[in-house]
Amino acid sequence: GVLRNAAGQGLGYCQVQAFTPDGHLVTRAAMTDAHGGFTIGGLTSGNYLVRVMPLYYSNCLGGEQLYDGGAAELTPDLAEATAVSVTVGEPTAIGTLVYRKGGSISGSVRLPFGATYYDRTVTAIDPATGEVKGRSYADATGAYLIRGLTPGSYRVEVFKEAAKVEL
């Protein structure tokens with residue numbers, strides 16, 4: 001396939017993953033080339049979801065987005081994702097995918113004196129469904145930026161390993 005932004009420009013150096021339909025196991029991944037082209041090889045026959053992951057050094061800083069099987073535009077919603085059927089020995093083309101940046105939430109986590117920020121995950125959660133719609137990590141100062149969100153209201157939560165703090 002080819003990954004492009006809304007203006008039609010190829011998005012290079014973004015990670016595209018094939019993972020199980022239950023959303024748990026990444027089976028294979030590929031990086032897009034300088035023009036947005038990608039091929040995920042080594043898959044066995046079966047059904048896979050396709051996801052573009054944000055990487056800090058890439059052009060894909062709009063949050064996780066998934067192939068929805070219909071329009072070229074990707075979706076941030078796992079419930080709207082469509083599995084791609086793969087058969088060994090037969091190329092499966094999914095065409096051009098459009099990655100959109102979406103909205104963002106930014107802020108700063110404040111922890112007690114002496115606590116570290118490097119291992120804090122910040123999530124944006126849909127309050128109606130409880131689904132995680134975006135995530136980021138707090139930097140060394142506690143600042144975070146969650147990108148690629150669709151318009152709406154979100155509950156922000158901060159996680160450290162097994163601990164959770166609601167903001």
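Trainee: Which strand holds threonine 123?
Mentor: First, the ground rules: residues count from 1 along each chain as its sequence is written, and side-chain values use heavy atoms, with hydrogens and water left out. The model is predicted, and local features need pLDDT of at least 70, side-chain atom pairs count only at pLDDT 80 or more, while totals for chains, interfaces and linings use all residues. Strands (E, at least two residues) and helices (H or I, at least four) are DSSP runs, numbered from the N terminus. Residues 121-125 form the strand with threonine 123, and that strand is β9.

Trainee: Is threonine 123 buried or exposed?
Mentor: Buried means under 20% relative accessible area, exposed over 50%, and partly exposed in between (1.4 Å probe, protein chains only). Threonine 123 has a relative accessible area of 4%, so it is buried.

Trainee: Which residues is threonine 123 in contact with, leaving aside neighbours within four places in sequence?
Mentor: Contact means heavy atoms within 4.5 Å. On that test, the partners of threonine 123 are Val132, Gly134, Arg135, Ile146, Arg155, Val156, Glu157 and Phe159.

Trainee: How many strands does the protein have?
Mentor: Read along the sequence, the pattern is β-β-β-β-β-β-β-β-β-β-β-β-β. There are 0 helices, and the number of strands is 13.

Trainee: Which residues touch the most other members of the largest nonpolar core?
Mentor: A nonpolar core is a set of buried Ala, Val, Leu, Ile, Met, Phe, Trp, Tyr and Cys residues joined through side-chain atoms within 4.5 Å. In soluble globular proteins, nonpolar side chains tend to be buried together. This core has 20 residues, and the members that touch the most others are Leu3 and Val52.

Trainee: Which strand gives the most to this core?
Mentor: β2 (15-19), β4 (46-53) and β6 (84-86) each supply at least two residues of the core. With 3 residues, the top giver is β4.

Trainee: How many residues does the other core have?
Mentor: This core lies apart from the largest one, and Val109, Val122, Ala138 and Val156 are among its members. Its residue count is 10.

Trainee: Is glutamine 65 buried or exposed?
Mentor: Glutamine 65 sits in strand β5 (residues 65-66). Beyond four places in sequence, its contacts include Val52, Leu74, Thr75 and Tyr99. Because its relative accessibility is 1%, glutamine 65 counts as buried.

Trainee: What is the relative accessibility of threonine 75?
Mentor: Threonine 75 lies in the loop between β5 and β6. Its contacts beyond four places in sequence include Gln65, Glu80 and Arg100. Threonine 75 counts as buried because its relative accessibility is 3%.

Trainee: Which side chain makes a polar contact with the side chain of serine 108?
Mentor: Serine 108 is in strand β8 (residues 103-108), and its relative accessible area is 36%, so it is partly exposed. A polar contact is a pair of N or O atoms within 3.5 Å; within protein, one must be able to donate a hydrogen and the other to accept it, and residues adjacent in sequence count only if both atoms are side-chain atoms. At 2.9 Å, the side-chain partner of serine 108 is arginine 110.

Trainee: What is the phi of tyrosine 13?
Mentor: Tyrosine 13 is in the loop between β1 (2-4) and β2. Most residues other than glycine have a negative phi. Tyrosine 13 is not a glycine, yet its phi is positive, at about 65°.
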